[in-house]
Amino acid sequence: MTIRQRLFISFSLILLIILSIIGVFFYTIFNLSEIHKSQTHRYDQIRRVEKLKEYNNSFSWIVLDIVTDYEKMDVVKKRLEKSDKLFKTLIIKKKETIENSESIVEKQNLQQIFQYFEEIEKLIKYKLYELVLISKDEKNFTPFNKNFEKLSFKIDKLLKEEIEYLQTRLDKTEKDRNQFIDTIKVELVFLFIIAFLLSSIISSRITKQIKDKLDKLNKGVLQLFKDDETTIKIDIGKNNELSEITHNLNSYLEKQSDIIHSREELLRNISHELKTPISKAKFLLENLRHNKNNKQIDSLNSVFVDIEELTSKLLQREKLNFAKVNSSKFKTSSLILESLSKLSIDDESKVEVDIKDDFNINADKYYLTIALKNLIDNAMKYADEYPIVIEASENKIEVKNIAKKLSSDLIYYTQPFTREPNQQLGHGLGLNIVNKIIQMHDFKLDYTYKNPYNIFSITFKN
């Protein structure tokens with residue numbers, strides 16, 4: 001598992017915990033809101049029941065005033081009017097109070113209380129009214145008082161029970177609220193502790209893994225200098241970013257090693273190749289001291305031209321080790337014409353161009369021109385008969401010349417400084433340069449022999 005994947009999983013776990021904390025927070029707000037609504041409802045219901053208690057007391061005072069001052073008709077009438085108003089208000093309060101009850105028992109108690117109030121209303125309206133205002137007999141309030149007190153006591157008892165019930169529910173709600181808050185506090189603290197521990201453990205483990213791998217990588221790099229290694233030989237594991245870095249670094253080191261090896265081999269070959277023209281030049285110069293000869297001067301000039309050509313090709317080959325492909329789109333005909341323009345051909349009849357399909361090529365035109373020029377130059381140089389043929393068709397360019405079949409496979413001639421046995425012309429670098437350029441582009445270089453033609457072909461990508 002890569003470090004990036006570990007970090008993603010760690011972040012997901014911590015994010016999940018944070019979302020849980022946020023969820024608990026909103027859950028807490030919702031529940032506290034519901035508890036607050038419940039508490040508000042019960043407070044309001046207690047106030048309503050307390051108000052009923054006040055009504056019960058008011059009726060008791062009204063009855064007392066009437067019984068005490070029954071001879072004062074104006075007082076009696078005012079108290080009876082007041083009782084009517086109270087009863088009308090009670091009717092309005094009845095529906096609201098009963099509808100806000102929370103249980104069947106509470107509802108039944110309230111209905112019973114209002115039923116007793118209705119009986120009190122009848123006692124005052126009819127019995128007391130008749131005793132005070134209609135009856136001419138001696139006033140006897142004892143039976144009325146007994147009935148009234150009995151009803152008033154029942155109401156008072158039920159109201160006390162109702163208030164106690166509501167207060168108990170309210171206390172329980174308050175207790176539940178406090179318990180809920182305490183539980184949420186513990187849960188939040190627990191979640192925060194888990195988040196902190198999880199992030200600490202994960203970050204420390206990831207940091208330790210990175211540190212261990214970096215230490216291994218550092219030891220591997222130091223080993224390069226101590227033991228003259230060409231690659232970092234350490235085990236950092238697979239499928240992680242540092243193993244990718246190590247792999248890329250090893251690829252680079254291997255490439256550098258190949259370049260160094262190639263340069264060493266090149267220098268050995270250069271020293272070997274330059275011995276012959278330099279020896280010739282020394283010999284010719286020695287002769288020129290004694291006898292000035294135009295033929296020898298031409299020979300000497302050809303020696304230096306040969307050295308210049310070799311040096312040019314060596315520099316060209318060396319540049320290819322660091323070359324970057326700058327691709328562009330161009331026609332096959334354009335590539336062939338530009339390659340021919342770079343050659344000094346004394347007779348155009350020596351070259352036959354047959355473009356059957358002028359297809360598009362996507363490549364670095366500069367380097368591909370060098371590659372095709374070298375193929376054409378080799379074909380001209382080693383042809384037994386002319387013309388040579390340059391043919392373009394079906395995503396392929398072929399360069400053909402009439403000559404003997406090559407004695408070895410193509411791979412032999414793509415190595416630097418390799419030539420046919422007893423072959424004096426050239427330095428054996430042309431095909432090596434061609435092969436490097438073709439490999440840079442991921443194209444394909446092939447050789448076939450179809451009597452009497454040697455055929456070198458470049459196959460392009462579709």
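Start by selecting Tyr366, which is exposed at 52% relative accessibility (exposed means over 50% relative accessible area, buried under 20% and partly exposed in between, with a 1.4 Å probe and protein chains only). Before going on, note that this is a predicted model, where local features need pLDDT of at least 70, side-chain atom pairs count only at pLDDT 80 or more, and totals for chains, interfaces and linings use all residues. Residues are numbered from 1 along each chain as its sequence is written, and side-chain values use heavy atoms, leaving out hydrogens and water.

Next, a look at ring pairs. Rings of Phe, Tyr and Trp (its six-membered ring) pair if their centres lie within 6.5 Å; planes under 30 degrees apart count as stacked, over 60 as edge-to-face and the rest as tilted. The count by this rule is nine aromatic pairs.

Select Phe59 and Phe117: their ring centres are 5.9 Å apart with planes at 55°, so this pair is tilted. Phe59 belongs to helix α1 (residues 3-68) and Phe117 to helix α3 (residues 104-134), so the pair ties together parts 58 residues apart in sequence. Helices here are DSSP runs (H or I, at least four residues), numbered from the N terminus. Phe59 is buried at 0% relative accessibility, and Phe117 is buried too, at 2%.

Return to Tyr366 and Tyr367: with centres 5.0 Å apart and planes at 75°, their rings make an edge-to-face pair.

For one more group, select Phe59, Phe87, Phe114 and Phe117, which form one aromatic cluster.

Notes. Helix = DSSP H or I, 4+ residues; strand = E, 2+ residues; numbered from the N terminus.
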